[in-house]
Amino acid sequence: MKVGVVTFPGSLDDVDAQRAVRIGGNEAVALWHGDTDLKGVDAIVLPGGFSYGDYLRCGAISRFAPVMDSVIEAANAGMPVLGICNGFQILCESHLLPGALIRNEKRKFVCRDQLLRIERTDTPWTSAYGQGQEIRIVLKNGEGGFVADAETLDRIEGEGQVVARYLEVNPNGSLRDIAGVSNARGNVVGLMPHPEHAVEELTGCGLDGLGFFTSLVETAFA
C-alpha cells in the first residue's frame, strides 16, 4: 500500500514514520502540509512532533493546514488514517476523533518505554495484534493526557473505540488509562505512544510497534 506521511513545520518523527512504513512492507509517500494533493495514497500517517511550534493548543494550527482538508475528506470516505502523538492531537482538533489531549498531569515531559494493552484489533492499524495483547513501545509527550466528558467516555468504551490502554503506570493522567482511540468506523486511529520507534531491534525497545504498520498489508490482502 502507498502510505502518505505528512510533514508539518515542526514535525520531528516524519522520517521515522516513513521508515516504519517501509519496514512494515508498504511504500512511504512524503506529503507536505501546504499541499492538498494526497498523491493517490491508500493510507495516511500524521507523525509526532511540535507542528507549527504548538504555539496554541497542540495540533490547533495544523488542523487548518491545507493538507488537512484533503485528509478529513479522505478519512470520512473511509481511508485509514493514523495519528501518532502530535498527529493524535491534530485528529482530535479536526474532530475526526473524540476527546482532547491536555498537559500531562504532573506538568512534566515524559519519556519512557511504556507497556500498553491492545483493546481493539479490527482496525486497519491494529489487525496484526491479538485482542488484549500487551506491547511495549516508546512514549514521549508533554501534553498527552486524554480527556473527554463522562458521556463521551462511556460511549467510546461501550462502542469499542478504545484502541490501547496504559498498563503498569498511567504516565500522563489520561482518563481511564486511555492511550489511543478510534472513530466509530475504525479507519481513523490516534495513539499517544510512538510505534514507529519500536520497529527494529537495533534501536528503540524492540519490535512491538511494527504491527501498526504490517496491519495495513494484512488488511490489503484480507
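Here we go through a few of those words one by one.

Modeller: Ground rules: this is a predicted model, where local features need pLDDT of at least 70, side-chain atom pairs count only at pLDDT 80 or more, and totals for chains, interfaces and linings use all residues. Residues are numbered from 1 along each chain as its sequence is written, and side-chain values use heavy atoms, with hydrogens and water left out.

Colleague: Why is Phe109 called partly exposed?

Modeller: Buried means under 20% relative accessible area, exposed over 50%, and partly exposed in between (1.4 Å probe, protein chains only). Phe109 has 49%, so it's partly exposed.

Colleague: And how much of the chain counts as buried?

Modeller: 56% of its 222 residues.

Colleague: What makes a nonpolar core?

Modeller: Buried Ala, Val, Leu, Ile, Met, Phe, Trp, Tyr and Cys residues, joined through side-chain atoms within 4.5 Å. The largest one here has 63 residues, and Ile44, Met68 and Phe146 have the most contacts inside it. Helix α2 (residues 66–76) gives the most to this core, with 6 residues; a helix is a DSSP run (H or I) of at least four residues, numbered from the N terminus.

Colleague: What does Ile44 touch?

Modeller: Contact means heavy atoms within 4.5 Å. Leaving out residues up to four places away in sequence, Ile44's partners include Val3, Leu38, Val71 and Trp125.

Conventions. Helices (H or I, at least four residues) and strands (E, at least two) are DSSP runs, numbered from the N terminus.
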